[in-house]
Amino acid sequence: MQRGGTVSRSFARRTSTTPQKNLFGLDIDAHMLEQRMRVGRDDVPYVISGSIAFLRTYALSTPGIFRQVVEREELNALRIRVESAYVDKRRLELGQLTSNAHAVAALLKAYLFELPRPLLSSELYPYFLTVRDGGVSNAQALTQIKGLLSRLPPAFLRSARAVFQLLNEVARSNPVMGAGELSKIFAPLLLRSRQFSSTGPDMIRAEGAVEMMISFAHEGGPLFAGDTTANTTRADVSMTGEKPLTERLSTLSVKEEPAAETQWYYIDQQQNYVGPVNTVGLKQLLAYRYVHSNTYVWAAHLSGWLRISTVPELCSDPQVAGSVAHANTDAGAATAPQAQAEPAAPAAPATPATAA
C-alpha cells in the first residue's frame with residue numbers, strides 16, 4: 001500500500017453508520033484513568049499518540065497534510081476501527097488500519113475538536129490572546145507562554161507538548177504547511193473560549209500564539225526547555241512566505257494600551273487569588289466576563305483590594321465599561337464575591353492556581 005493514497009478496499013467495505021463513544025468527546029483526565037486500566041498507559045491519549053506515531057513516520061512532508069478534506073464515511077470507518085482496537089486493548093497501529101495519511105490527520109483534528117475542554121484550556125484563552133500584545137520581545141512572549149502552559153493539568157500539558165512537537169516537525173519538513181498555515185488550522189482546535197465565538201481580531205491573536213508555540217516546540221527548543229532566550233529570532237519570520245507575525249498582529253484595529261506595566265491580582269468566583277496579569281490582560285478578562293465589576297483587584301499602587309467598578313483606570317475604556325455594565329446585568333448578586341472582610345494586600349502574591 002502506498003502511504004498517502006486512498007483507503008484499501010478491504011477496509012472500505014467495513015463501514016458503519018455512527019462511531020462508538022469510547023474515545024471521542026471524552027475529557028482527557030477521565031480518559032487517562034480508563035486508558036491506564038485498559039492499555040497500561042496514561043501519558044498521552046490513545047488517539048493522539050497513535051496519530052502522531054503514524055504521521056511522524058509517513059506524512060511529515062505530505063503536501064496539504066491537515067488541510068485536505070477527507071470523506072465523512074472514510075473518517076467514520078477509521079474512527080470505528082480505532083475504537084475497536086481500544087476496546088480490544090490493542091496498541092494503536094494506524095498503519096494496519098489505513099494507508100491514507102490525510103484520514104489520520106483528520107482523525108487527530110476530530111479528536112482535538114471534540115474534546116469537552118480544549119487542549120490549551122478555555123480558562124487560559126484570554127491570557128494566550130495577549131502574549132504578543134504591546135510589542136513584547138520573543139523571549140518575553142515565550143516566558144509568558146511557558147507560564148501559561150505550566151498551569152495546564154499534567155495530561156493536557158503532555159498532550160500539548162506531543163502535538164506541538166509534531167507540528168514543528170511538519171513545519172520544518174513540509175514545503176507547503178509551515179507554522180503560519182498550521183496555526184490557522186490548529187488555533188480553533190486548541191484555543192477556544194468557553195463563552196463566545198472568537199472574533200476576527202481574537203482569532204489572529206490566537207493564531208499568533210499558536211504559531212509561536214509551533215515554531216519553538218522542537219526537541220530541546222525553548223518552549224519546553226528552561227532556556228527561553230536561545231534561537232528566538234525566527235518566530236517573526238513566516239515559514240511559508242507570509243507577512244511576519246508581528247506585522248500581522250500590528251494591523252489589528254483594536255484599542256489597546258501600550259505595555260506599561262501595572263501587575264494586577266484578582267479574586268475569582270471560587271475565592272482563589274489569581275495573578276499577576278497586566279492591564280491589557282485584565283481588560284480582556286473583563287470583556288469575556290471572566291471577571292466583573294464586583295471582582296476584587298489589587299495592584300501595588302492601590303490602597304488595598306478594590307472592586308473593579310471603583311478603579312477608574314479599568315473602567316475608562318468605553319468598550320470595557322460596556323462589558324462591565326452588561327456583566328452586572330447578567331451576573332447580578334449570584335456571581336458577586338462572597339460577603340467577606342476586605343482582603344489584605346498580598347506581600348508576595350502566589351502564582352495562579354492550575355487551570356482546570
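Me: Which residues of α7 are buried?

Reply: Asn138, Ala141, Leu142, Ile145, Lys146, Leu148 and Leu149 are. Buried means under 20% relative accessible area, with a 1.4 Å probe and protein chains only. This is a predicted model: local features need pLDDT of at least 70, side-chain atom pairs count only at pLDDT 80 or more, and totals for chains, interfaces and linings use all residues. Residues are numbered from 1 along each chain as its sequence is written, and side-chain values use heavy atoms, leaving out hydrogens and water.

Me: Why are the buried residues of α7 said to line one face of the helix?

Reply: Seen down the axis of α7, they fall within an arc of 160°, so they line one face. The arc is taken over the directions from the helix axis to the C-beta atoms. These residues pack against α6, α8 and α10; contact means heavy atoms within 4.5 Å.

Me: How do you know that the span of α7 agrees with its 12 residues?

Reply: The expected span is 1.5 Å times one less than the number of residues. For α7 (residues 138-149) that gives 16 Å, and the end C-alpha atoms are 16 Å apart, so the two agree. Helices here are DSSP runs (H or I, at least four residues), numbered from the N terminus.

Me: Why is Ser122 called buried?

Reply: Its relative accessibility is 10%, so Ser122 counts as buried. Ser122 sits in the loop between α5 and α6. Ser122 touches Arg192, Ser193, Arg194 and Tyr290, leaving aside residues up to four places away in sequence.

Me: What makes α5 mostly covered?

Reply: Of its 13 residues, 12 are buried. Among them are His102, Lys109 and Tyr111.

Definitions and conventions: Helix = DSSP H or I, 4+ residues; strand = E, 2+ residues; numbered from the N terminus. Buried < 20%, exposed > 50% of the residue type's maximum accessible area, 1.4 Å probe, protein only.
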